[in-house]
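The sequence and the coordinates come first, and my entries follow.

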Amino acid sequence: MHMCGIMGYVGPKQAAEVLLGGLKRLEYRGYDSAGIALEDEGSIYLRRKAGALRVLEEVLAESPPPPSHIGIGHTRWATHGGVSDRNAHPHTDCKGENAIVHNGIIENADELRAELLNAGHVLRSETDSELVAHLLETGPADLRVRLSEVARRCEGAYALLVMDVHQPDRLVAVRRTSPIAIGATENEAYVASGAIALAPWLSECIYLDDGEIADIRPGKIEVFRLEDLEPIAKTLHPIEGDGELPDAGEHGTFYRKELMEQPIAWRRVMAGRLDDVGQVNLRDDGIDQEFLRSVERIVFLAMGSSLHACQMAVERLAEVVHLPAQAELASEFRDTRTFLEPGTLAIAVSQSGETIDTLAALRHARDLGAKVLSLVNAPASTIARESDYVLDLRAGFEISVASTKAFTTQVIALELLTAALAQARACPLPPTDLHALRAVPTVAEDFLAAFHLPKELIETCAQAPGVIFLGRGQDLSLAREGSLKLKELSYVWSEAFAAGELKHGPLALVDQRVPVIVCVTDPRHAVKLRSSLAEATARGAYGVAVGSKLGATLQVTLPLKERIGAYLLGALPLQLLAVEVAEARGCPIDQPRNLAKSVTVE
Ligand code: G6P
């Protein structure tokens, strides 16, 4: 899981400080406990606490850790075993010689646990992770060889970082699906589950790929194939950012900051790709005309907000390029589909580029013979590294767990791709569309500066037993995104329906306590949506229309009528609604309960 954070250090600095500094930078991804292990004169010093990293820091401030030059740290997002000090990582073996941190899930844990208990090991937590520490108690003396044997016995998806007090000059890391980044200076080495954690100390790093094991010593990183321990040459990738942790500043939360920053991100995603005369050019992204002409069918693979952007793109591709396209929930696609027609392009869309379901679906599509294009906000991510073509979203670092700017830049990037496909195939794309797109950021800035949601709506939603979002066509994906934002941030139960479904069941849920929010950024559906809204308001619902005028209790009028522009602007009031309802209910905004920024656990 990149839901968990991993950090490791070996070198002359005080390891505890480096570990805490790195973990802090991974905090935004969501976690529920934290811990560190250090080598302390031939034994392991261990401190773990349920709760925020701050809690662990307070404990360490009260009784400072020993000076140490090697250590591993972790922020845990519970999967196996509840949230407790005992279940927090690192874990150690019976003798206290090996310490490990783990991201992911070991699927054959029951079998391994039984075997270890049989052999007399004393297990102190309910986690699958602790088993690895005990498995490391026996086997070859060399930590790399020993871990490779243990890793080969563990099934599932994981990243492991281990240390052995008898080999205090090295850490060993192994990867099967969950990310690991490693970098070194002349006399030290750093490991983390995300390069962002390394940025204060390093400007470049390597990424482990699946089935690789790394021997990490000060100034020296060696990578081997897990299978046979054959050495592998790795490429260094630049680490973005200057090491400064972004600050939410006057916005108070990253969610609000990222929401307000959207127009800037939109300009960035278009820069150099869309010219003054409305021509799209993706050549710098390695996407040429010949390739664009060769595409016969598109399968989008994504989860969460990213999937909603894909659903919008399906509508646009059908309309503008007449290209058959489908948007698949990556978690379903990876298991169910067994056939892809020749000429199918798989497009994986993921903010983080690490979402495990999207990655697994991408690999599945590739096995079925498809070429893969990925749209990611992290060009060095696993999904990008495993794709034939990559479109960088350039949304900038997104910290809030709930996505705002990554979602809307995905919509724009996919619209640019749609336009590029249309132009390469000489489809009659309405020329005004792309001109209008260039103007959207400025209109959005003015809109955001002036827009306010009425208190009455916020209060009604905050107390509602549920909120219903409705849409048709492109607006169904917008309704889904609005509903996702609201439930992620405010924990108010909500659901999005195709408006046509309303009478076939959902209408039974509607009474005066249930707000019904209708998305109508495509005016062609206004007449039908007006009827749907009327059916709900006739039953007492607080009706909201976002887009065309529908005679709602609250009409949110958008200053752009053109389809993409209206869609992008329509996302803004929905994003604002979610945060304001969440604030009214006293919910934490940037890290909603139980959620993680990049879901690397199945
Ligand atoms: C998580 C996040 C969502 C996000 C989804 C896909 O569930 O909470 O906000 O949309 O993952 O993430 P990705 O990084 O692949 O876009």
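**Basis of the entries.** I am working from a predicted model, in which local features need pLDDT of at least 70 and side-chain atom pairs count only at pLDDT 80 or more, while totals for chains, interfaces and linings use all residues. Residues are numbered from 1 along each chain as its sequence is written, and side-chain values use heavy atoms, with hydrogens and water left out.

**Cysteines.** I noted that the structure holds 0 disulfides. Cys 205 is in none, and the nearest cysteine sulfur to it, that of Cys 4, is 20 Å away. For accessibility I used relative accessible area with a 1.4 Å probe and protein chains only, where buried means under 20%, exposed over 50% and partly exposed in between. By that scale Cys 205 is buried at 0%, and Cys 587 is also buried, at 11%.

**Helices α15 and α18.** I took helices as DSSP runs of H or I with at least four residues and strands as runs of E with at least two, numbered from the N terminus. Helix α15 (residues 455–463) packs with α18 at an angle of about 65°, their axes being 9 Å apart. That makes the two helices roughly perpendicular, since angles of 65 to 115 degrees count as such, those under 35 as roughly parallel, those over 145 as roughly antiparallel and the rest as oblique. The axes are lines fitted to C-alpha atoms over the stretch in contact, and the angles run from 0 to 180 degrees between N-to-C directions. With contact meaning heavy atoms within 4.5 Å, I found Leu 457, Ile 458, Cys 461 and Ala 462 of α15 meeting Leu 577, Glu 580, Val 581 and Ala 584 of α18.

**Helices α9 and α13.** I then looked at helix α9 (residues 304–321) and helix α13 (residues 405–424), whose axes come within 9 Å and cross at roughly 25°, so these helices are roughly parallel to each other. Among the residues that make the contact are Ala 309, Met 312 and Arg 316 of α9, together with Val 411, Leu 414 and Glu 415 of α13.

Most residues other than glycine have a negative phi, and most peptide bonds are trans. I found that the peptide bond from His 89 to Pro 90 is cis, with omega near 0°, and that Pro 90 lies in the loop between β4 (70–76) and β5 (91–92). Tyr 491, although not a glycine, has a positive phi of about 60°; Tyr 491 sits in the loop between α16 (474–490) and β22 (494–498) and is partly exposed at 21% relative accessible area. Asn 594 has a positive phi near 65°, is found in the segment after α18 (563–584), and is exposed at 61%.

**Gly 120.** I placed Gly 120 in the loop between α3 (109–118) and α4 (130–135), and at 52% relative accessibility Gly 120 counts as exposed. The C-alpha atoms of Gly 120 and Glu 212, which are 92 residues apart along the chain, are separated by 31 Å.

Methods:
A disulfide is a pair of cysteine sulfur atoms within 2.5 Å.
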